[in-house]
Amino acid sequence: MNPIILIVVLIAATLIGYKLISNVPSLLHTPLMSGMNALSGVTVIGAIAATGLSFHFDNGGNFLLGQIFGGMAIILATINVVGGFGVTNRMLRMFSKKKKGGEQ
């Protein structure tokens, strides 16, 4: 596939995503983040599959760049999932009722 088309799709997805997220009311950010963490999990699986295929179809080092980018995609998507769940957990703790000093 033509790399120019891939770059245009990346830029368009970035701009559309930014526009959509900037218009979300603050009350909906926590549920939205939880849903996006689930989608990021799918991204991790896709990155693993793409990297695995890159290793499977290796013809004497021609796909080394694909393997490097695949490994980076796995690492970055995993960081996104873990960080997203951490932030969501922290936001949900803000809304939980506080226990009094003697109760547990």
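**Entry 1: pocket lining.** I sorted the lining of the largest pocket by class and found two nonpolar, four polar and no charged residues. For these classes I count Ala, Val, Leu, Ile, Met, Phe, Trp, Tyr, Cys and Pro as nonpolar, Asp, Glu, Lys and Arg as charged, and the others, Gly among them, as polar. The lining residues are Met36, Asn37, Leu39, Ser40, Thr43 and Asn80. Helix α2 (residues 29-56) supplies the largest share of this lining, five residues. I noted the volume of the largest pocket as about 200 Å³. A pocket here is an open set of points on a 1 Å grid over the protein atoms alone, where a 1.4 Å probe fits, with protein on both sides within 12 Å along at least five of seven lines; lining residues have an atom within 4 Å of a point. The volume is the space filled by probe spheres set on the points, which are joined across faces, edges and corners.

**Entry 2: basis of the model.** I am working from a predicted model, in which local features need pLDDT of at least 70 and side-chain atom pairs count only at pLDDT 80 or more, while totals for chains, interfaces and linings use all residues. Residues are numbered from 1 along each chain as its sequence is written, and side-chain values use heavy atoms, with hydrogens and water left out.

**Entry 3: overall fold.** I recorded three helices and zero strands, in the order α-α-α along the sequence. Helices (H or I, at least four residues) and strands (E, at least two) are DSSP runs, numbered from the N terminus. Of the 104 residues, 12% count as buried; buried means under 20% relative accessible area, exposed over 50%, and partly exposed in between (1.4 Å probe, protein chains only).

**Entry 4: single residues.** I located Val82 in helix α3 (residues 64-95). Is Val82 buried or exposed? Val82 is exposed, because its relative accessible area is 58%. I then turned to Ile21, in helix α1 (residues 3-22). Ile21 has a relative accessible area of 43% and is therefore partly exposed. Ile21 and Leu32 are eleven residues apart in sequence and their C-alpha atoms are 9.3 Å apart.

**Entry 5: surface patch.** I found a nonpolar surface patch made of Leu64, Leu65, Ile68, Phe69, Met72, Ile75, Leu76 and Ile79, with about 830 Å² of accessible area together. Accessible areas come from the Shrake-Rupley method with a 1.4 Å probe, and for residues only the protein chains shown count as cover. Patch residues have over 30% relative accessible area and no salt bridge, and nonpolar side chains (Val, Leu, Ile, Met, Phe, Trp, Tyr) are joined within 5 Å. A salt bridge is a side-chain nitrogen of Lys or Arg within 4 Å of a carboxyl oxygen of Asp or Glu. Leu64 lies in helix α3 and, at a relative accessible area of 48%, is partly exposed.

Notes
Patch = residues over 30% accessible without salt bridge, like charges linked within 9 Å, V, L, I, M, F, W, Y side chains within 5 Å.
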